[in-house]
Amino acid sequence: MSSPSFYTLVPDGARITLRVTPNASADRLEGAQTRADGSCALAVRVCAPPDKGAANSAVISLLAKALTLPKSALSLSSGQTSRTKVILARGEPGVLRTALESLADR
């Protein structure tokens with residue numbers, strides 16, 4: 001059985017599960033982390049506060065840069081006000097898989 005992953009490939013891209021920490025000292029991706037319930041999420045820290053969507057915008061900007069995608073290719077699928085978020089990244093699934101795997105071990 002394979003280990004859980006923080007992303008799922010879909011026909012038009014990938015769904016990415018994140019665990020976001022706002023008000024951090026720096027914007028950074030901290031790799032995949034297995035949570036207590038056995039699920040996996042990509043740990044993300046952003047300087048922006050969780051106010052009026054600022055942290056969500058910062059997360060999308062950071063992830064778009066890391067995946068070399070335009071910000072318009074990413075959308076918040078769920079978790080508008082939660083620390084656990086799901087982002088839909090639109091693009092070629094094979095290319096996204098390679099980029100996402102490189103983020104797993106940060």
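Mentor: What follows goes through the strands, the cysteines, the aromatic rings and the pocket. Keep in mind that this is a predicted model.

Trainee: Fine. Start with β6: mostly covered or mostly open?
Mentor: Mostly covered. Strand β6 spans residues 84-90, and five of its seven residues are buried.

Trainee: Which strands are joined to β6?
Mentor: Strand β2, residues 13-21, is joined to β6 by seven bridges, and the two run antiparallel. Strand β5, residues 74-78, is also antiparallel to β6, with four bridges.

Trainee: How many residues sit between β5 and β6?
Mentor: Five, and the two strands form a hairpin. In that turn, G79 has a positive phi of about 95°.

Trainee: What about β3 and β4, how do they pair?
Mentor: In the antiparallel sense, over five bridges. Strand β3 covers residues 28-34 and strand β4 covers residues 40-45. A32 is set opposite L42 of β4.

Trainee: And which residue takes a positive phi in that hairpin?
Mentor: G38, near 90°. The hairpin of β3 and β4 has five residues between the strands.

Trainee: Changing topic. How many disulfides are there?
Mentor: Zero, where a disulfide would need two cysteine sulfur atoms within 2.5 Å.

Trainee: Is C40 buried or exposed?
Mentor: C40 is buried, because its relative accessible area is 8% and the cut-off for buried is under 20%. C47 has 39%, so C47 is partly exposed.

Trainee: Now the rings. How many aromatic pairs turn up in the whole structure?
Mentor: One. The pair is F6 and Y7, with the centres 5.3 Å apart and 75° between the planes.

Trainee: Stacked or edge-to-face?
Mentor: Edge-to-face. The angle of 75° puts F6 and Y7 in that class because planes over 60 degrees apart count as edge-to-face.

Trainee: Are those two residues buried or exposed?
Mentor: F6 is buried, at 2% relative accessibility. Y7 is buried as well, with a relative accessible area of 11%.

Trainee: Last topic, the largest pocket. What is its volume?
Mentor: About 180 Å³. It is lined by 14 residues, and the closest to its centre are P50, N56, Q80, T81 and K85.

Trainee: Which element gives the largest share of the lining?
Mentor: Helix α1, residues 54-67, with three residues. By class, the lining has five nonpolar, five polar and four charged residues.

Terms used: Residues are numbered from 1 along each chain as its sequence is written. This is a predicted model: local features need pLDDT of at least 70, side-chain atom pairs count only at pLDDT 80 or more; totals for chains, interfaces and linings use all residues. Side-chain values use heavy atoms; hydrogens and water are left out. Buried means under 20% relative accessible area, exposed over 50%, partly exposed in between (1.4 Å probe, protein chains only). On a 1 Å grid over the protein atoms alone, a cavity is a set of points where a 1.4 Å probe fits but cannot get out, and a pocket is an open set with protein on both sides within 12 Å along at least five of seven lines; lining residues have an atom within 4 Å of a point. Grid points are joined across faces, edges and corners, and a volume is the space filled by probe spheres set on the points. Ala, Val, Leu, Ile, Met, Phe, Trp, Tyr, Cys and Pro count as nonpolar, Asp, Glu, Lys and Arg as charged, and the others, Gly among them, as polar. Rings of Phe, Tyr and Trp (its six-membered ring) pair if their centres lie within 6.5 Å; planes under 30 degrees apart count as stacked, over 60 as edge-to-face and the rest as tilted. Two strands pair if DSSP finds at least two bridges between them.
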